[in-house]
Amino acid sequence: MPDSANSQEGRRLCEAHTGQSDWYRWGPYLAERAWGTVREDYSADGDAWHHFPFEHAHARAYRWNEDGLAGICDSSQELCLSVGLWNGRDPIIKERAFGLTNAQGNRGEEVKEYYFYLDATPTHSWLRYLYKYPQTEYPYQELIDRNARRSRNDAPFGLMDTGAFADGYWDMQVTYAKAGPESIFVRIAVTNRGPGRAELAVLPTLWLRNTWSWDGKPAPAAIRLDDAPPEGTAWSVTLSGDSSLSGYRLAGRQTATPLFTDNETNTRELFGSRGPRHTKDAFNRFLVHGDSEALRGDGAGTRFAALRQVTLEPGETQHIDLWLGKDGGKDPFSALERVLAERRGEADDFYDALQPRATTEDHRILRQSLAGMIWTKQYYAFDVSRWLAGDALLPPPERLRGRNHEWRHMRAADIISMPDAWEYPWFAAWDLAYQAAPLALVDMDFAKKQLELLLGERYLHPTGAIPAYEWNFSDVNPPVHPGFALRVFRSDRSRTGVGDYSFLRRVFHKLLLNYSWWLNRKDFEGQNLFDGGFLGLDNISVFDRSHSPLPPGYRLVQADATGWMATYALNMTVMALEIAAVQPDYESIAIQCYEQFLAIAESIAGHDHVGLSLWDEDDGFFKDVVVGPDGRRHTIDVYSWVGLVPLFACEVIGPALLENCPRFARLLAEHRGGSVHGHFVIECPDTENERGEHLLALVNRDMLQQILRRLLDPGEFLSPFGIRSLSRRHAGAAPVGVVPGIGEVFIDYVPGEANSPMYGGNSNWRGPIWLPTNYSLIMALERFYRYLGPDFRVPGPDGEMLNLVQVADLVASRVVDLYRRNAAGTVPALRPDSPFEHDPHWRDQLLFYEYFHAETGRGLGAAHQTGWTGLIANLVMRQYRGQCEPA
């Protein structure tokens, strides 16, 4: 068990999990972006970006979620706290991160800011956030105009390209330190990084999320200025009224000007209609435009800011200290310095104990990636039925049969791990499963809850479908939930010595519904060969597998979908065997799931009654197949993750799992040699290694050898930074051939940003490095090694013979190298020729990107996706303990 569990932060986690103290009540649950989301879209045509643009966000009340810089809120998002800044030049107060919409960006939506998640503990007892704010006017229009002139073949034009930092900027570092579950110290440190004296307005802002206007009612509570603030404070406000947080107080140590308004939409400005007098944009109208009439003058409102003007010399720092809580005693700030020092030290102890042998560089990568995982937790609210009906907004009738109308049962109001709190401020099903792995390193209980969440009755469709993401809940993501549930269960058991069978049973029961949905909905012809559309891999195919249907009579059979389903069947088999160790009745379900795996294996090898093999014997690779109306098949000769996914269908069964399952053991013997109905289609499941273990796998060792030759070839899949998503052999857009029902098709190896608008064009699976699939491959290689041992070897990239754990080491080390400084002193993932190379105020700050250029390692796509890119923490841990997860 890691020593981190015995740290002070570990004890807080225990208190939170056992219900002794609600350390989770307050956290970094505020999104970086709430505008432009599906939830806020009440339009007839479903154009979410246009219906609620950035230009409305400062003056228009949100309905479902709030956003802000360096913000926190309670777990129901009743009360929110963040920081606004104004440099005296911008047309609006900087209250939220700016970025381009999907239509504005030459490569889709993209945030145009620099902010960093510096540190975080899982109970949020310690949080640190850094934002870099230009001292010159923020170039909103230039970013829009310059990107509009760029083609898809050009690099995006970013904030650094404008020269906005050349004349100086402000560093704003916000630190949260909890004295208790309902007592939080806040330190805002602003530093002048410019060449001369400069002024800055800082506005810590506290507000109530607007839920009252849904029903046309007045706000049930208000924030009020205290007549007599506590000792040691310059000012304080208290929340009063009908709220679960009534009595909460925000106090300031330094003098500030109190500003009040209401969190209401400025309908006059935005829509030219009558509306509330005091609105969300009042502080902006007051500070930027000098309109004092915009403010409430009675010392109360649903939105409050404490305006403090600072003037600093170059390099000078000033602190603004706050306290938020229920009971701060006579002098809330008397414990400030002690609590800040203690929580920082406890955070150091927690992470030092997590991996005490890591180098300084690896420790920084580990800690900042896990900080990003914690900072991108978000309160996510979405009642689909109410949203479709539109409450007071009276939406057009077209919406009632529009986006997500089949998901009326869905009622979300939860803290969820997001892929990226700006670019993807909504859950994605397979992202969430991968995100459970790094979360489990620091907070096993939260990781389990995330895996269970989408399987609950408020999310899981009555048909058994798991919601994919809010743009289309009915889309299909790879079924990775069972594999990560199984691995989280085993990791937890390895750490504590006790298996949480209650968790495993709950997940297993719900997954049976989803498993049946896949069998019934994605294998239309009952042939144990599957489709599923894009399956999260966006543009990886030669055509859009979700939105470009084949002509009538043609069918696409997907190697990745079939591989995922073989993996799903094995995951369910092993989960049932694990439960059968304590409840033998589950053996029959294990047998049923394994029989399904055997049927898939027989079909994918082409030895069933259909005779449709997805394995290309000549090329030694799995490929998609198009079947015509006459039954003739055509193989799509593409070498990508589509053909590597079947490797993931691999599990090792030890004697302990077979002890209570004699019928399952006999079933393995029936398929001695890998025979299914007289054909040898899988690795022999009956053979035992020296530990008495059995290998259940879709590929046998001969197939494995052939696939790994391509995988470890630098001219094909092996990049300096991991495994490419498309083989380099496709460079130059060579024709793939004529595919019946489609025509002549091409695919080009593109190692960086996409050159195709398919799926929005803001991601690319035709070459770049992606963490999730690399991680799944590494785990599969570990499982193969566990069974095959050190004597099974394959040729490495330099001709040396490598066993499978050495292959896994090679891939994992190259992926982590994305964030290690190379011989030139640069971090490959970060922008070259930038302050990240040499400036001490930038040098150690990391941005965790969505995917990476396969040749240079440069980070691409979403810049704060410590969602599944947070898996790099698991790979750093693996460097020191030898495997991703315990068996």
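Buried means under 20% relative accessible area, exposed means over 50%, and partly exposed lies in between (1.4 Å probe, protein chains only). Keep that scale at hand for this tour of a predicted model, in which local features need pLDDT of at least 70, side-chain atom pairs count only at pLDDT 80 or more, and totals for chains, interfaces and linings use all residues. Residues are numbered from 1 along each chain as its sequence is written, and side-chain values use heavy atoms, with hydrogens and water left out.

**Stop one: helix 12**

Select residues 481-496, which form helix 12. Helices here are DSSP runs of H or I with at least four residues, strands are runs of E with at least two, and both are numbered from the N terminus. Step on to Gly497, which follows the helix and has a positive phi, near 80 degrees.

Two strands count as paired if DSSP finds at least two bridges between them; strand 20 and strand 23 (residues 625-627) have three. Zoom in on Leu556 to find Val626 of strand 23 opposite.

Next, pick Leu612, in the loop between helix 15 (587-604) and strand 21 (615-616). Leu612 is buried, at 6% relative accessible area. Draw a C-alpha to C-alpha distance to Arg633: 7.6 Å, across 21 residues of sequence.

**Stop three: salt bridges**

A salt bridge here is a side-chain nitrogen of Lys or Arg within 4 Å of a carboxyl oxygen of Asp or Glu. The whole structure has 58.

- Lys112 and Glu110 meet at 2.7 Å, N to O; Lys112 is buried at 2% relative accessibility, while Glu110 is partly exposed at 23%.
- Asp445 and Lys449 meet at 3.2 Å, N to O; both lie in helix 11 (residues 444-453), four residues apart, about one turn of the helix.
- Asp809 and Arg878 have their closest N and O atoms 2.7 Å apart; this pair links helix 21 (residues 804-816) to helix 23 (residues 871-881), 69 residues apart.

Finish by selecting Glu9, Arg12, Arg338, Glu342, Arg343 and Glu346, which salt bridges with shared partners join into one network.

Technical notes. The expected span of a helix is 1.5 Å times one less than its number of residues.
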